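I am opening a notebook on a structure that is new to me. I will write down each thing as I look it up.

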Amino acid sequence: MGKSTVTAGLAHLAAQRGKRVLVVEVDAKGDLTDLFEHARVGFEPVEVARGISVMTIDTEASLREYLKLNLRVPMVGRIGPIASMFDFVANAAPGVKEILTIGKIGWEVRESIEGRAPWDLVIVDAAASGHVIAQLGAPQAIGGLVSMGSVSDQTGWLQALLADPEITALNVVVTPEEMPVAETIELIARVRAELDVPLGVVFVNRVLPELLHRADEALFGALAEEPAAAVLREKAGPGATSVIEAGRLAVALRRSRAGHLTRLHEAIDLPKVYLPELFVRSAGIRVTRLIAEAIGDELGI
Amino acid sequence: MAPPRRTSAPARRASSRQARAGRPSPGARSRTAGLEPLLAAKEVVVFCGSGGVGKTTVAAATALGAATHLGGRVLVLTVDPAKRLADALGLRGGLGNVERRVSPEILAAAGIEVRGELWAAMLDTKQSWDALVLRHSPDEATAYRILENPLYRNITSRFVQSHDYIAMERLHELHSAGRYDLIVVDTPPTRNAIDFLDAPQRMAEFFGGRLLRWLTVPYRIGGRRGARLVNLASRPFYQVADRILGSQFLEDIAEFFVNFQSMYDGFVERAHAVERLLHDRRTTFAVVATLESAPLQEAEFFLAALAERELPIGALVLNKTLSTALVEPAGEDAARRFVDDAPAIAGALALTGEPALAEVARTERLLATLAESYRNFSVIAKREAELRSELVGAPDLVLTVPQTDADVHDLRGLAAIADALFLGAAR
């Protein structure tokens, strides 16, 4: 869908405007740092571009940090390799991985609000749509399950933070294709039904340019048929067929995407930000800048 | 209805020959280059790949292609929580845990002649877990204690990891029931697909693990409700766990696992059987990607992960690829002339007498637009070709599915992809 690209573009745009941005990569694929042409990063935030730091969620590291910070447990070193405890906790207590993910993100946000961490904006490149519900719903689920203990205290503030429209927005990235649109509609319905998390905007990525005006359709139709096709081959060489074929593909894709855009409009009343399909060869910082520019144009900044 | 058991291998080969004989000859070369020889000897094919690459579609098309070209009874099992497959297969009312057959009438109406049968199911995590508990519990009382444990209810309905194991378990169940000649499995998107590969092993290790035995000690010694965890409060582990989670929750966990332990043997044996199935020579894995940098990185990751686990990699499917005509010099040459020679070309077109081509200025503008659009797509096609040449760890069988004009949302669309996969001939 271009979730990482939009994340990187937003970060770039915010950084340009003087914000200190933390980008959190949840599904560590490493393509986020590629978008800044930087080597992969780990759990510790690394500044990959001016004003933009990136970190990757590592649930085990998150647990270590949690134990160290919140419990000040002196015996952590004595309970053997923490990995086996982590395995136990993560497997036995459901949602621990999810809570450690969302908890770490929430913690960075809270630390920033209270002036102990430097971020003006935390952008999360979240998990795929089927899983993000489980992650965002983890505080609620755990809160309902664990009525005492420090986890219970933790889930309270986390839920409040996630529910605050001044702080949190869940944004969705979609491409105007059939399945992604259907999934987005389903995701937004589930978020509204199951979570107390405010929705932000829908980024519609990879929108194709309109190739033909309605008046040109008959003309294009004629070009693709004989005798015009023969004229084109004669005057422009055998490759003319490929050019016409490419045009046909572009028109058909644009048209089918337009139908999905309509469906998206009808089903979802959230604000939408449209980003163009990028016909560029590279995949690094250039793409990030182009997307940042497109988001900026759309938002009027 | 109790469907008969799977047909014998010779019968399948015969039906496959019939299927071939019944189709227009696609040419010998493309036939050997497709999925057919790979799947003719397989009973399970698992598709991995990142989200958005069309994995579910490719899995469904593979099942359709197998039912068409190989015959036999073919099941596509999706574990994707999003309900995509039913729409494409025309199964109104959606998919659930119980397999549904795609009706031959609907297939015939779409112009698809299927020798075998096409079935589809979507994994329902909760239902499958419940069935598993009921099957392995020593008695009904234990089963209901587990089913009613709040922890169990949460594990099975809410959390993503629980999909992983149960998906493999369900695959095993379906396979060992022997109803299907081929089971095509679609896996969840993201890296969870790797968890899913390791799930049986992890499950066996977990239930056989010392840590779990240790945790449940107070229960096993003191009777189910006799002892309290407080007895172990001197142990640092419990001090930590108690402070993090609270003792009530710990008790829930312990009770859950004590009950679960009664199913230990059956469970572990089962996990090992699932593990063996994944490594069986009748199973193969296929990785799906698009020729874009992020999905390809994911594909390489999957290929490496499969190789590391010594799981058999059958094929790499490159989905939604642009035509190679877009990178040929002749196309670029023509696009240049569309612009440079626009007046001459538009003039010649006007002379054809076609009414639509009469306005020379309008034709010139469109020629320029088409040239630009060609170059745009050409840039992407070149990027695709480059990415393809840089691909690391690809298996011998690499299949390409062309980008189609429209989305694949019906049987006809699936059939076109199936042809690309089996015959290398979707145009």
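**Entry 1: strands of chain B**

I started with strand β1 (residues 44-48) of chain B and found four bridges joining it to strand β5 (residues 182-186) of chain B, the two running parallel. I note here that the model is a predicted one. I then picked V44(B) and looked for its bridge partner in β5(B), which is I183(B).

Next I looked at the other partner of β1(B). Five bridges join β1(B) to β6(B), and these two strands run parallel. I asked which residue of β6(B) is the bridge partner of V44(B). It is T283(B).

I read an open sheet of eight strands in the order β3-β4-β2-β5-β1-β6-β7-β8 (chain B), and its pairing is mixed. Which strands stand at the edges? They are β3 (100-101) and β8 (398-402) of chain B. Each has a single partner strand, so one side of each has no neighbour in the sheet.

I also looked for a helix on this sheet. Helix α4 (residues 55-69) of chain B packs on it. I listed the strands it touches: β1, β2 (73-78), β4 (117-122), β5, β6 (283-290), β7 (313-321) and β8 of chain B. The direction of α4(B) makes about 170 degrees with that of β2(B).

**Entry 2: strand β6(B)**

I wanted to know how many residues of β6(B) are buried. The count is eight of the eight, so the strand is largely enclosed by the rest of the structure. I sorted the residues by the way they point. T283(B), F285(B), V287(B) and A289(B) point one way. T284(B), A286(B), V288(B) and T290(B) point the other way, and all are buried.

I followed β6(B) to its neighbour β7(B). Six bridges join the two, and they run parallel. A286(B) has A315(B) as its bridge partner in β7(B). Between these strands the chain passes through α17(B), and this β-α-β crossover is right-handed.

**Entry 3: chain B as a whole**

I counted elements next. Chain B has 21 helices and eight strands. Of its 427 residues, 47% count as buried. I also checked contacts between residues at least 6 apart in sequence, and 78% of them join residues at least 24 apart.

E310(B) has a positive phi of about 55 degrees, yet it is not a glycine. It sits in the loop between α17 (293-308) and β7 of chain B.

**Entry 4: chain A**

I moved to chain A and looked for another positive phi. R206(A) has one of about 60 degrees, and it is not a glycine. Its place is in strand β6 (residues 199-207) of chain A. R206(A) is buried, with 20 other C-beta atoms within 10 Å.

I checked the pairing of that strand. Four bridges join strand β5 (residues 170-174) of chain A to β6(A), and they run parallel. V173(A) stands opposite F203(A) in β6(A). The chain goes from β5(A) through α8(A) to β6(A), in a right-handed β-α-β crossover.

I looked inside that helix too. A189(A) is found in helix α8 (residues 178-194) of chain A. A189(A) counts as exposed, because it has 12 C-beta neighbours inside 10 Å.

I then looked up a cis peptide bond. It runs from E226(A) to P227(A), with omega near 5 degrees. P227(A) lies in the loop between α9 (217-224) and α10 (228-236) of chain A.

**Entry 5: helix pairs**

I took a pair within chain A first. Helix α1 (residues 3-16) and helix α12 (residues 285-299) of chain A pack at about 70 degrees, with axes 8 Å apart. The two are therefore roughly perpendicular. By class, their contact has eight nonpolar, five polar and one charged residues.

The axes of helix α11 (residues 240-267) of chain A and helix α18 (residues 329-340) of chain B come within 7 Å and cross at roughly 80 degrees. That makes α11(A) roughly perpendicular to α18(B). I listed the contact: A240(A), S242(A) and V243(A) from α11(A), and A330(B), G331(B), A334(B), A335(B) and F338(B) from α18(B). By class, I noted six nonpolar, two polar and no charged residues in it.

Notes
Residues numbered from 1 in each chain as written. Chains lettered and ligands numbered in written order. Predicted model: local features only at pLDDT ≥ 70, side-chain atom pairs only at ≥ 80, totals over all residues. Axes fitted to C-alpha atoms, helices over the stretch in contact; angles between N-to-C directions. Parallel < 35°, antiparallel > 145°, perpendicular 65-115°, else oblique. Contact = placed C-beta atoms within 7 Å. Nonpolar A, V, L, I, M, F, W, Y, C, P; charged D, E, K, R; others polar. Pairing = 2+ DSSP bridges. Right-handed = clockwise from strand over helix to strand, strands pointing away.
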